[in-house]
Amino acid sequence: MGSLFQEYHEEYCELTNRVASLTADLLSNESLSFASHAKASHDIESTLAQTNDVVKQLELEARSDRNLESRKVAMSRVESYKLAVRGLETEFQAAKRQHEQELLLGRSPPSQNGASGGDDPGYDDRARLLATHDTLDRSSERIHRSLDIIAETEAVGKDITEELARGRERIQSAKARVSQVDMLTDSARRTLRSMTRREVQQRIIVVAVIGLVLLVFVFLLYRWSGWGQANVSHSSGHEAVEAQSSHAE
């Protein structure tokens, strides 16, 4: 997790503390008018919106972390931040409904003629208005929960897509390495074939040279043997002629 994640974390802590403080003030201050109540509610809603934006930035920073273990830790922290923000929103909505109920029913502050809620002639109308408001709030909460589920589903889908993309990259990388190994294997096979051919050629040449040397040796041996026999015959003939001459004398 980088320094930017830490900066967003600090901003998140500051905003959540402000929301909690504003919500506590809304619950404790029963003398707020409609205008003051609306302004306080608007401030809290605005701060909650800022908090949700910061949480989204934290999630983006966590997802961009290339370290798998660090990314898991950061995503776990982001999920806890989301739960905390939902809790703050629930507390605010409860405090808002409670204070609006008190304002609408005339319990706090009291009406100008000093009548309490039950003696106020507009009590029934305000009660119906409050019931309608509660129904709208519950519908709004269901819509918000549905939107949260959609956002979480989208986030999970994005995680799955990113994981599939990383898996595809790993597969392509492995395929490229396999192709390189195949190319090296083919090159080695061609080199071995070339070496084998050269070895066979060298053996043929050596055998041919040895055969030629043997032929020359046999030929020379044959010539030498023939020349020796011729000399022996010539010498014997000469000795016979000399013997015949000596005998005649």
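This briefing walks through the nonpolar cores and the salt bridges of the structure above. The model is a predicted one. Its largest nonpolar core has 13 residues, and the structure holds six salt bridges.

**Nonpolar cores**

- Among the residues with the most contacts inside the largest core are Phe5, Tyr12, Val54, Leu58 and Val78.
- Helix 1 (3–28), helix 2 (34–63) and helix 3 (68–105) each give two or more residues to this core, and helix 3 gives the most, with five.
- Another core, of seven residues, lies apart from this one and includes Val19, Ile44, Leu88 and Phe92.

**Salt bridges around lysine 82**

- Lysine 82 pairs with glutamate 59 in a salt bridge, with 3.3 Å between the closest N and O atoms.
- Lysine 82 belongs to helix 3 and glutamate 59 to helix 2, so this pair ties together parts 23 residues apart in sequence.
- Both lysine 82 and glutamate 59 are buried; for lysine 82 the relative accessible area is 15%.
- Lysine 82 also meets glutamate 79 in a salt bridge (3.8 Å, N to O), and these two sit about one helical turn apart in helix 3.
- Glutamate 79 is partly exposed, at 34% relative accessible area.

- Arginine 203 and glutamate 199 form a salt bridge, their closest N and O atoms being 2.8 Å apart.
- They are four residues apart in helix 4 (residues 123–248), so about one helical turn separates them.
- Arginine 203 is exposed, at 55% relative accessible area, while glutamate 199 is partly exposed, at 39%.

How values were computed. Residues are numbered from 1 along each chain as its sequence is written. This is a predicted model: local features need pLDDT of at least 70, side-chain atom pairs count only at pLDDT 80 or more; totals for chains, interfaces and linings use all residues. Side-chain values use heavy atoms; hydrogens and water are left out. A nonpolar core is a set of buried Ala, Val, Leu, Ile, Met, Phe, Trp, Tyr and Cys residues joined through side-chain atoms within 4.5 Å. Buried means under 20% relative accessible area, exposed over 50%, partly exposed in between (1.4 Å probe, protein chains only). A salt bridge is a side-chain nitrogen of Lys or Arg within 4 Å of a carboxyl oxygen of Asp or Glu.
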